[in-house]
Amino acid sequence: MSNSKIYLSSPHMGGTEQNYVNEAFETNWIAPLGPNVEGFEKDLENYLGIENHIAALSSGTAALHLALILLGVERGDEVLCQSMTFSASANPIVYQGATPIFVDSEPETWNICPIHLEEAIKSRIAKGKKPKAIIAVHLYGMPYKVDEIKKISEKYEIPIVEDSAEALGSTYKGQKCGTFGDISILSFNGNKIITTSGGGALVSRNLKHKEKAIFLATQARDAAPHYQHSEIGYNYRLSNISAGIGRGQMQVLDKHVGLRRKMNQFYHEIFQKAKGVKVFSEPTSDYFSNHWLSCILIDKKLCGFSSEDIRLAMAENNIESRPLWKPMHLQPVFRNAPYYGSTVSEKLFEIGLCLPSGSNLKVEEKVKINDVLIRFIDI
Ligand SMILES: Cc1ncc(COP(=O)(O)O)c(C=O)c1O
């Protein structure tokens, strides 16, 4: 049995990525931009279906930043954001000089709670400022309550930035995640369901959003033979080499979704008889998660062990596991940001654990994981 570390989620190449990268070398398209970038954007547009326009960018964080700029978020504005998420969902609000207003999760999908979202909107409007955007996240690949959140967005006319960084391949009522926001974003970071080693994308039904995102991502150069700028630009475009990796990865995306879902099934089987352990699953058949990461909730009173006990036992065996995302309203850096909600996300953080979920885990690695986990279960 191998002693090498088992990771939560590691890059998984399909085999054809190298061909696109080699072609870029052979044709000297090493500079940013080039045919792989447009090819990758087309592949993503075809995958997401309906009228989507994609700008391939250097990261999901860059895509979130540009999304806020396109929606007119400026210094002094307020932006609503799911509290339970990775910090990259919230940081771009601060890049713009705006204030994040954090909102609790609901217990079914662990994503932004419609009740607390509406409460937050009413409260901020009563205080004199209507929030400029809602950042909703499909955590661990689980779609948020799309219909409920959209209804609120329409009622108050506040656009949605859909953070689909973790949810490429997930669907809600048969429609792909990444197509629900006024602007949506994807991430191809090394730990995601497909990777370009680092990268992201901005998705919009509005072609003007794509064009403006590319303009801003390439240093906001005005149309002139010399370098002229009327706006502040960024260096946020994806490189032709990275996009080549992405083109190969698109060919195995559906396969990776299937394999991640199998990992989720693997944990269901391990814990099926364990009292007090719940494997995170879709609440109804409207939801289809790519199960980017499989997670469990542990009720120590019922089962006699905690998520930390499991984490330590896994670490002793060189297996990575990790607590769920620590909510942003509990983060020292956001201690002054307003928060609306109760303790749903705090409790999830306290009792939850992410388990190795990669599409490339070998049989012997799964045996090792099973051996460690099964010791906790009193059958
Ligand atoms: C929910 C969420 N949002 C945003 C990001 C940022 O993406 P990137 O790492 O590509 O900047 C990530 C992942 O890293 C994420 O998990």
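This is a predicted model: local features need pLDDT of at least 70, side-chain atom pairs count only at pLDDT 80 or more; totals for chains, interfaces and linings use all residues.
Which residues of α9 are buried?

The buried residues in α9 are Leu253, His256, Val257, Arg260, Met263, Asn264, Phe266, Tyr267, Ile270 and Phe271. As a general point, an α-helix has 3.6 residues a turn, so residues three or four places apart point the same way.

On length, α9 covers residues 253–271, which is 19 residues. At 1.5 Å a residue the helix should span 27 Å, and the C-alpha atoms at its ends are 27 Å apart, so the two values agree.

What does α9 pack against? One partner is helix α13, residues 363–374, with the axes 11 Å apart and an angle of about 30° between them. The cut-off for roughly parallel is under 35 degrees, and α9 and α13 are therefore roughly parallel to each other. Their crossing is right-handed. From α9 the contact uses Met263, Phe266, Tyr267, Ile270 and Phe271, and from α13 it uses Lys366, Ile369, Asn370, Leu373 and Ile374. Sorted by class, that contact of α9 with α13 has eight nonpolar residues, one polar and one charged.

Next, the second pair. Helix α1, residues 17–26, and helix α8, residues 240–250, cross at roughly 150°, and their axes come within 7 Å. That angle makes α1 roughly antiparallel to α8. The crossing of α1 and α8 is again right-handed. On the α1 side the contact is made by Glu17, Tyr20, Val21, Ala24 and Phe25; on the α8 side, by Asn240, Ile241, Gly244, Ile245, Arg247, Gly248 and Gln249. By class, the contact of α1 with α8 comes to six nonpolar, four polar and two charged residues.

Now the single residues. Is Ser164 buried or exposed? Its relative accessibility is 0%, so Ser164 counts as buried. Ser164 sits in the loop between β5, 160–163, and β6, 171–172. Not counting residues up to four places away in sequence, Ser164 touches His138, Cys177, Gly178, Ile185 and Leu186.

The other one is Tyr156, in helix α6, residues 146–156. Tyr156 has 14% relative accessibility and therefore counts as buried, the cut-off being under 20%. Leaving aside neighbours within four places in sequence, Tyr156 is in contact with Glu118, Ile121, Lys122, Ile125 and Lys130. Between Tyr156 and Pro332 there are 31 Å, C-alpha to C-alpha, and the two are 176 residues apart in sequence.

That is what I have for today.

How values were computed: Residues are numbered from 1 along each chain as its sequence is written. Side-chain values use heavy atoms; hydrogens and water are left out. Helices (H or I, at least four residues) and strands (E, at least two) are DSSP runs, numbered from the N terminus. The expected span of a helix is 1.5 Å times one less than its number of residues. Buried means under 20% relative accessible area, exposed over 50%, partly exposed in between (1.4 Å probe, protein chains only). Axes are lines fitted to C-alpha atoms, for helices over the stretch in contact, and angles run from 0 to 180 degrees between N-to-C directions. Angles under 35 degrees count as roughly parallel, over 145 as roughly antiparallel, 65 to 115 as roughly perpendicular and the rest as oblique. A crossing is left-handed if the near helix is turned anticlockwise from the far one by less than a right angle, and right-handed if clockwise. Contact means heavy atoms within 4.5 Å. Ala, Val, Leu, Ile, Met, Phe, Trp, Tyr, Cys and Pro count as nonpolar, Asp, Glu, Lys and Arg as charged, and the others, Gly among them, as polar.
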